Amino acid sequence: MEKIGVNNRNELPAIPGGKAVVLPILLADRGLDYLIDLVKQIRPGSPQNTEVAELRFKSLLFQLQQDTSSLISLRAAIRSQFVKCEVLPALIESGLISSRGFVQELGRKMKHKILPELQEKSDFLYVISRVFYKKSDFIWVGNIDRDLWKKLFKLLRVNINLNDQQLIDQLRNALRILSFRVATLGLEKEVARRFGNNIDAVAPFLEQNRFVTRFLGDQQLSEYDIRVLLNNFQEQLHNCRQSVVWLRDQRVYHGTSLSQTFLTTRILQMIDRMMIISDVLDRDNQFDEDRFIDYFITVVTNENKKNSIREFLSDNLGLLAYQIAEHKGKKGEKYITTNAYEFSQLFWSAVGGGFIVSFVAVIKNLLGKLPWTPFWLGVSYSVNYSAGFVLMDRTHTTLATKQPAYTASAVANSLDSKKHKGKPDLKNLAITIGNISRSQIASFAGNLLVVFPFTYLLVWVMDHFLNYKMVNGEQALKLLESQHPFHSLSLLYACFTGLFLFLSGIISGYVENHLIYGQLSERLRNHPVLSHTMTPRRLNRLVDFLNTYSGALTGSVALGFFLGMSAAVGKIFGIPFDIRHITISAGNTAIGYFGLEQPLPWTYLLTVFLGVLGIGFLNFFVSFSLAFFVAVKSRGIYLREYPELIGFIWRYFRKFPGDFLFPPLQVRNPEDI
């Protein structure tokens, strides 16, 4: 067993070699230093080094078991802090989302990130922040084996002495405050209106408060009555939780919002906290150690990350991102082929998209000849792109690079442990990735096989019949040079484009979610003007159109303006900022090749062609990666927990390599891998 070095400063405890000094409870000022030094001796050099932390923790337990004076000193140090400090703030604030609202809480964290707030020394959270002062302490604290924590708390007799009236009063006050807050939040419009006429869903929020009020108001209750009341109270808390879980499950049908997400998260956090407090107060000598350990780790984690903007956004945007990803996932399923018919349909859909992109590329180059300022040129490019993308949506043709933002969410659906009620089906995910691979190849092939020759044909027709050559000489060479992977920043710009493709997908999903959550269909049908000026048939057609196409059209327009305004932004601010989209780049390459006045080496042309393919790969990779990260993150899934996934994908590729290019004769099952 590793021996932790002796610290002789003021005779603080050594683990396990030196003899611990008994710390009198009257010396309360020394208690905090005692705890700080104790944790410092357990803390590993690297927060991820759990083995060292556990070894040192075991050494501490060994000393506490063998040396009674060490155990008494540690108990006295902890008790001194409970006596000295107010525990109430830690019970009703730490680890709980503030009532300020999302925007206000975000602003508060941003301010305290720059200038941390001042903590009172009488606040128990001050003790936690001083003892676990390193921002990474929550990592090793959370990774230590829970059985070791249980042994420590049993040694310390953590199931609180109920004769300590000061502490019990704080627990009772915390229970009262949290109970009223939960009752209030349960009746908030964002929560209660979704329950509709379901009285059983709302009643637990009021009932739990009634039981708490009776428990705290009647001083003559016997221990048996107290246990009965608190058992009923805990049952109502369980019912409250079920109501909130039901409400969250309805987001698939009714959508969600930041406000609703914020409220439901607060309610669940407060319910967990009240369960811990009631577990201490019920006097049944049965202490839920796992729940207490969760609370302890939560307090340490919250103090370490209380001003973390990243964690705040991650926690509170998760459910909203899930809903957005859910809508994208449904749409993404149509881009994933499983048989030859679907593969053929997707290919010909991409061929149709290639014809539209060819016109977009030609019009874009014509607009570039207008003597306008960069801003208005950007607007004209944006309108051109948006019109092309909207036309693709209306004609049900496919743009290859719009797939990743949707298919990534569909992939994440197959990883969703909630849907599989256990460990995700990794073999099925490997098959899904194979399906996506060939589907993406089919889309790219359909687009490119048309864009190159058809764009060339369009500029040839303009030259032959209209006697207008769009580009020639230096202009043609510049078009080719801008697609060259080594002579330009085309690959960097391709990454920017991937980001815009991802953002357009997010916007599309958000709009679809907002339509559902805001009940816009019903509101339009009951609009006082529209319902009297339009026939029911025309009004229903309008509503159906918005339900079907609003998300896709918004995403297409957003993508068009992202792509169209990028070059304008780069020129206005004088920075290297532009976009490279595989289909537009393919069209520009065809236009540039037609305008050449002197032949170029075939190696140069081949490099430009490969550069276009590289642009397409980066468009896909960046868009898919970002969308997949958001979709997986929003489901609370951590891929590092499933290292065998790569093995399944490799095994599938090695056994059926053709599946990644062409559809198999029969649908693959997980058992085939």
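The dialogue below takes the features of this structure one at a time.

Visitor: What kind of model is this, and how are the residues numbered?

Guide: This is a predicted model, in which local features need pLDDT of at least 70 and side-chain atom pairs count only at pLDDT 80 or more, while totals for chains, interfaces and linings use all residues. Residues are numbered from 1 along each chain as its sequence is written, and side-chain values use heavy atoms, with hydrogens and water left out.

Visitor: How many helices and strands does the chain have?

Guide: Helices (H or I, at least four residues) and strands (E, at least two) are DSSP runs, numbered from the N terminus. In this chain there are 29 helices and zero strands.

Visitor: What share of the residues is buried?

Guide: A residue is called buried under 20% relative accessible area, exposed over 50%, and partly exposed in between (1.4 Å probe, protein chains only). Of the 673 residues in the chain, 52% are buried. The area itself comes from the Shrake-Rupley method with a 1.4 Å probe, and for residues only the protein chains shown count as cover. The chain exposes about 32,900 Å², and carbon and sulfur atoms supply 59% of that area.

Visitor: What do contacts say about the chain as a whole?

Guide: A contact means heavy atoms within 4.5 Å. Among the contacts with a separation of 6 or more, 82% are made by residues 24 or more positions apart.

Visitor: Which residues does His484 touch?

Guide: His484 is located in the loop between helix H22 (474-481) and helix H23 (490-517). Leaving aside residues up to four places away in sequence, His484 touches Ser490, Tyr604, Thr607 and Val608. His484 and Val608 are 124 residues apart in sequence, yet their C-alpha atoms are 4.8 Å apart in space. His484 counts as buried because its relative accessibility is 4%.

Visitor: Where does Leu156 lie, and which residues does Leu156 touch?

Guide: Leu156 belongs to helix H8 (residues 146-156). With residues up to four places away in sequence not counted, Leu156 touches Leu71, Leu74, Arg75 and Ile78. From Leu156 to Ile78 there are 78 residues in sequence and 9.1 Å in space, C-alpha to C-alpha. Leu156 has 16% relative accessibility and therefore counts as buried.

Visitor: Which residues of H22 are buried, and which are exposed?

Guide: Ala476, Leu479 and Leu480 are buried in H22. They cover an arc of only 95° around the axis, so they are on the same side of H22. This arc is that of the directions from the helix axis to the C-beta atoms. The face turned away from the buried side of H22 carries the exposed residues Glu474 and Lys478.

Visitor: Which residues form the nonpolar patch on the surface?

Guide: Patches are made of residues with over 30% relative accessible area and no salt bridge; like charges are joined within 9 Å, and nonpolar side chains (Val, Leu, Ile, Met, Phe, Trp, Tyr) within 5 Å. Here the nonpolar patch consists of Leu366, Tyr456, Leu457, Trp460, Val461, Phe465, Leu466, Tyr468 and Tyr593, which together have about 850 Å² of accessible area. Helix H21 (residues 426-465) gives the most to this patch, with five residues. Tyr456 is found in helix H21 and is partly exposed, with a relative accessible area of 33%.

Visitor: How many salt bridges are there?

Guide: Side chains of opposite charge can pair when their charged atoms come close. A salt bridge is a side-chain nitrogen of Lys or Arg within 4 Å of a carboxyl oxygen of Asp or Glu. By this rule the count comes to five salt bridges. One of them joins Glu207 and Arg210, with the closest N and O atoms 2.8 Å apart. Because Glu207 and Arg210 are three residues apart in helix H11 (residues 199-217), about one helical turn separates them.

Visitor: Which parts of the chain does the pair of Arg525 and Asp544 link?

Guide: Arg525 forms a salt bridge with Asp544, and the closest N and O atoms are 3.8 Å apart. This pair links distant parts of the chain, with Arg525 in helix H24 (residues 520-525) and Asp544 in helix H26 (residues 536-573), 19 residues apart.

Visitor: How many disulfides does the structure hold?

Guide: A disulfide is a pair of cysteine sulfur atoms within 2.5 Å. The structure holds zero disulfides. As for individual cysteines, Cys240 is buried, with a relative accessible area of 0%, whereas Cys495 is partly exposed at 27%.
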